[in-house]
Structure formats: C-alpha cells, structure tokens
Amino acid sequence: MTNVLAINQLTYKHNLKTILKDVDLTLETGKIIGLLGENGAGKTTLMRLITGSAKGSGTIAVCGDSVAAHHKSHVSFTEQLRGFKPNTRIDRVANFYRTVYPDFDGQRFEELITFLQIDTSLKLGALSKGMKEKVVIALTLARQAQLYLLDEPFSGIDSMSRKRIISSIIKWKPEDATMVISDHYVSEIAPILDEVVIVKDQGIYAHKPSDAIREEFGIGIEAYYESLYEGGVKHD
Ligand SMILES: Nc1ncnc2c1ncn2[C@@H]1O[C@H](COP(=O)(O)OP(=O)(O)OP(=O)(O)O)[C@@H](O)[C@H]1O
C-alpha cells in the first residue's frame, strides 16, 4: 500500500453553504505535507471529514478503509481537550488517551512531554495557550498512527520552541506514516515539507511536491503560496 489517504469527489455543505466541493486528494505514505489556505478556506473541515467527525458526500479511504467510523483508529488528530475539566491533570489526560487509543505509547508520551518541557502534574486550567498546545502535540504524536493531522499546532507557541519542535518533528514521525500540518507560518514549516496542498475556492487548488515548486517556479514554498493569491504563477 502506497496511499495512506484517498479522497474522491468529497463535498461538504454547512447550513446550505458549500464549504468543499468535489475534492479529490491522494496522499502517499511516509510524507510530511503542508496544508495551506486562508482563514475559512476549509482546512479544519477537511481534517474533520478525514477523521470521520464530520460527514460529507463522496468517499474517503484511510489506509484503504472507507468506513468513517474506523478512521479514528488510523488517524491521530490534534484534538483540543475541550472535553476535559480544568482541574484534570495532564497525566490523567494521558491515561485517558491510553485507554481510548490502543496505539497510544506511554513511554513516547513521556519522552515528548520532557522534550516539550511540560510538567505532567499540572492541571489543564493552569496551562497557558502555548503550553496547552504542547500537551496536544505530545498526545497526538504519542500515538503510533498511520496518518497524523496537526491543525495549526504551533499558533500559540513561542518562536524559539516552535523552531525546536518543527526541526525535530521528523524524529517523532514513524517512517512510513504521513503527517499533514496546517499552519499560517509557512516559512517556518517550509523546510520540512515534502509536499504542499493548498485549499482555495472550495477545493484543492494545488498539490505539489516541494522540489517541483522550487524547480518549476524557481521560488520557495512561501513565495509560491503567496503568488497564488496574486495570480502570479500558473498551477494545476
Ligand atoms: N460547524 C460549523 N459551524 C459553523 N461554520 C462552520 C462549521 N464548520 C465549518 N464551518 C465554516 O466552514 C468554513 C471553513 O472553516 P474551517 O475552519 O474549515 O477553515 P480553516 O481553513 O481551517 O480556517 P482557519 O485557517 O481560520 O483555521 C468557514 O466558512 C466556517 O465558517
């Protein structure tokens, strides 16, 4: 199996408004992919559809399995901990993950949380926005999944920590797993991206390997991304 994700003719409407229309997208195993697009383009919606949390028309197969109810077992998604009370300790949250996800690796979580310099005896209510995001990253990457969906994982994290996490993300990704990262700090994640997927005009506006962008257009990912909004370069 070389494809971890195969989406065919996916359409999603919310309150009669079409958010995504006729989306086709195939992702291979073992890649790091940047999911880029403006606010409201539909990146989070696409991730929720992949995990089975939202339902559209069309088909989504994860690891060849198109039963939406099975997707959460293959996909590790940055969930926002809203279901936990503020007085819940981080180690209790990890215990919950261990119970719910058989692929949750407790030792890996300990390593990640140490790397991220978080004290697991802290309660969720005592965490800053960035600290909470670090916990979410640790919980998400502690699973041994085939597909990781990281939805703006670094937005509240200070720039020093962000650079440190981004540069070591390859270390935490199982070799044959694929990781999709949505982020507005394009220049910071660009160096680790194998491919770029751009969501625009209710669909996948472009899907290209990073090398192809550099070779074809002679520019970096950030310049390419910005040029799509300025109508400067051709794309497919
Ligand atoms: N449950 C919902 N309730 C209300 N609006 C929704 C819902 N789900 C999706 N939308 C709408 O879908 C569109 C896409 O939103 P989405 O959060 O997927 O965008 P995004 O690309 O992730 O944006 P951002 O970069 O700001 O996070 C928006 O217009 C949003 O208002």
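Three strands form an open sheet in the order β2-β1-β4, and their pairing is antiparallel. Its edge strands are β2 (17-28) and β4 (57-62), each of which pairs on one side only. Neighbouring strands of this sheet are turned by 15 degrees against each other on average, with direction ignored. The model is a predicted one, in which local features need pLDDT of at least 70 and side-chain atom pairs count only at pLDDT 80 or more, while totals for chains, interfaces and linings use all residues. Residues are numbered from 1 along each chain as its sequence is written.

A few terms are needed here. Helices (H or I, at least four residues) and strands (E, at least two) are DSSP runs, numbered from the N terminus, and two strands pair if DSSP finds at least two bridges between them. Axes are lines fitted to C-alpha atoms, for helices over the stretch in contact, and angles run from 0 to 180 degrees between N-to-C directions. Strands of a sheet pair through backbone hydrogen bonds, either parallel or antiparallel.

Within this sheet, β1 and β2 run antiparallel and are joined by eight bridges, with Tyr-12 standing opposite Leu-20 in β2. The two strands form a hairpin with two residues between them, and Asn-15 in the turn has a positive phi of about 50 degrees. Strand β1 (residues 3-14) is also joined to β4, again antiparallel, by five bridges; Asn-8 stands opposite Thr-59 in β4, and Thr-11 stands opposite Ser-57 in β4. Helix α1 lies across β1, β2 and β4 and runs at about 115 degrees to β1, where two residues are in contact if their C-beta atoms, placed from the backbone, lie within 7 Å.

The ligand brings us back to this helix. Around the ligand are His-14, Ile-19, Gly-37, Asn-39, Gly-40, Ala-41, Gly-42, Lys-43, Thr-44 and Thr-45, a residue being near a molecule or strand if its C-beta atom, placed from the backbone, lies within 6 Å of it. Helix α1 (residues 43-51) gives the most to this shell, with three residues. By class, the shell has two nonpolar, seven polar and one charged residues, where Ala, Val, Leu, Ile, Met, Phe, Trp, Tyr, Cys and Pro count as nonpolar, Asp, Glu, Lys and Arg as charged, and the others, Gly among them, as polar.

An open sheet of six strands has the order β5-β6-β7-β3-β8-β9, with mixed pairing. Since β5 and β9 (203-209) stand at the edges with a single partner strand each, one side of each is left without a neighbour in the sheet. Strand β5 (residues 75-77) pairs with β6 in the parallel sense over three bridges, and Val-75 stands opposite Leu-147 in β6. On to the next pair: β6 and strand β7 (residues 178-182) are parallel, with five bridges, and the bridge partner of Tyr-148 in β7 is Met-179. Strand β3 (residues 32-36) pairs with β7 in the parallel sense over four bridges, and Leu-35 stands opposite Ser-182 in β7.

In a regular strand the side chains alternate between the two faces of the sheet. In β6, Leu-147, Leu-149 and Asp-151 point one way and Tyr-148 and Leu-150 the other way, and all are buried, which here means that 20 or more other C-beta atoms lie within 10 Å of a residue's own, while 12 or fewer make a residue exposed and counts in between make it partly exposed, with C-beta atoms placed from the backbone.

Is Gln-146 buried or exposed? Gln-146 lies in the loop between α5 (129-141) and β6 (147-151), and it counts as buried because it has 20 C-beta neighbours inside 10 Å. Leaving aside residues up to four places away in sequence, Gln-146 touches Val-4, Cys-63, His-74 and Ala-177. Val-67, in the loop between β4 and α2 (71-74), is by contrast exposed, because 10 other C-beta atoms lie within 10 Å.
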